[in-house]
Amino acid sequence: METLTPQEIVCELDKYIIGQSEAKKSVAVALRNRYRRSLLPKEQQEEISPKNIIMIGPTGVGKTEIARRLAKLVRAPFVKVEATKFTEVGYVGRDVESMIRDLLEAAIRQVNENKMEDVQQQAEQLAEERLLDILAPLPKKKTSMANPFEMFFNNGANNVAKPAEAEQDLQVIKDKREIMKQKLRRQELEEDYIEIEVEDNNSMNDMLASMGVDDSNGNFGDMFNNFMPKKMKKRKVTVAQARKILAQQEAEKLVDFDDVKQEAITLAENHGIIFLDEIDKIAGKGSSSGPDVSREGVQRDILPIVEGSVVKTKYGNICTDHILFIAAGAFHVAKPTDLIPELQGRFPVRVYLENLSQEDLERILREPDNSLLKQYTQLLSTEGVELVFTEDAISQLAKIAYDLNEQTENLGARRLHTILEKLLADIMFAASDYQGQQFLIDRQYVVEHLNEMAVNQDLSKFIL
């Protein structure tokens, strides 16, 4: 997916996000530059740093969605961070390096999933062998050392099977295993219950919790696991469930976690994307007292991460020089220039997102692959209720949403969630009673059900 041209990236984003062409162009170019950088010699790659982006625009216009869809498009590790959370605990807040650790965790999950998929077929074969061992176990090999009591009482000779009989018994078991194997492959035993051993992961977490230890970054858990043997517990599950559990266990054995860590660190360093939301909320004006001091302190803590530094994690050191940072904020009260100059300089690409027009809201209801109308139609179809929206109904919904955004707080496209919930509340509540029925949502239906919202000036209870 890295070979997508900027035009192709914008076309893909257009499937989910309406308008905001300038923001789409900026992120598409930033992404393409990463691919261009990867084609350069190693020494030149080190010199080229990403051009971080700051998006400026009101809530609900697509800032977060652009960044999220972009990361999904190129399968890059992605983390969304609220900048305000760093001001919530103590004077300057939570450790800002946690965003890098979260990014690395996302990269490890991604790499691990890819490697598990690569070995899935082999893991399923090994899981089948383990199922056979449970359903038709092979006889245990007897040791050459005789039982001492047999030697004293001279009973050993009576218990030793003749070679021909032992071989015959073994052949019977092998035939039984072959029959079981064929039944497993034909999925004839899927509903039968068997007992398997699984790792008891909760025991360590429970112990740490009882000690009052927060194992948020896993270091304590790893330390104890190195000293203590894994605790196993027995579970009674169906063959179908056991097949999945055993395949998962075998896949984990086949994947080398050291390789996963190294690949994840490289992936996060060169392709990671961190979305810093609500950055306008930490824009202080340099006051000597009050919350602005804390906000400016958070900015100064974030600065070295964005500039490029080495962060220690439990998986190894990670360099932030080439991680792409996309910041976003409404900047209703503060201005981008209220950020400290050093941080401003680290976000050279500045993009302004436009307010959504009535036409934009109408297109948001109609065009995206995940549009709200499609979502509600699909949800109600699960109960046999068919929703049909007419063109004039969609236009009226967009008009009401636009008017409410103009008259009260501008919530952007999020206003459509409020309106559609109100519009379809009665149908969704009693959907089980309307099975097999069709509801035609036309302009008159919209006006009747949303007239209170459009007319009543005290709209506080409809504002999210």
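**Getting to know a predicted model**

Me: Is Arg75 buried or exposed, and what is its relative accessible area?
Reply: In this predicted model, residues count as buried under 20% relative accessible area, exposed over 50%, and partly exposed in between, with a 1.4 Å probe and protein chains only. Arg75 is exposed because its relative accessible area is 62%.

Me: Thanks! How should I read the numbering and the values?
Reply: Residues are numbered from 1 along each chain as its sequence is written, and side-chain values use heavy atoms, leaving out hydrogens and water. Local features need pLDDT of at least 70 and side-chain atom pairs count only at pLDDT 80 or more, while totals for chains, interfaces and linings use all residues.

Me: What is the mean pLDDT of the protein chain?
Reply: pLDDT is the predictor's confidence in each residue, from 0 to 100. In the protein chain, 80% of the residues reach 70 or more. Over residues 212–217, pLDDT stays under 50. The mean for the chain is 80.

Me: Where does Arg75 lie?
Reply: Helices (H or I, at least four residues) and strands (E, at least two) are DSSP runs, numbered from the N terminus. The C-alpha atoms of Arg75 and Ala107 are separated by 9.8 Å, although these residues are 32 apart along the chain. Arg75 itself lies in the loop between α4 and β2 (78–82).

Me: Is Gln110 buried or exposed?
Reply: Gln110 belongs to helix α5 (residues 98–118). Its relative accessible area is 18%. That is why Gln110 counts as buried.

Me: Which residues is Gln110 in contact with, leaving aside its neighbours within four places in sequence?
Reply: Contact means heavy atoms within 4.5 Å. With those neighbours set aside, the partners of Gln110 are Arg75, Ala76, Pro77 and Leu267.

Me: At what angle do helix α2 and helix α4 pack?
Reply: Two packed helices are described by the angle between their axes and the distance between the axes. Axes are lines fitted to C-alpha atoms, for helices over the stretch in contact, and angles run from 0 to 180 degrees between N-to-C directions. For α2 (residues 21–38) and α4 (residues 63–74), the axes are 11 Å apart and the angle is about 35°.

Me: Which residues in α4 does α2 meet?
Reply: From α2, the residues taking part are Ala23, Lys24, Val27 and Leu31. Their partners in α4 are Ile66, Leu70 and Val74.

Me: How many residues of each class does this contact of α2 with α4 have?
Reply: Ala, Val, Leu, Ile, Met, Phe, Trp, Tyr, Cys and Pro count as nonpolar, Asp, Glu, Lys and Arg as charged, and the others, Gly among them, as polar. The contact of α2 with α4 has six nonpolar, no polar and one charged residues.
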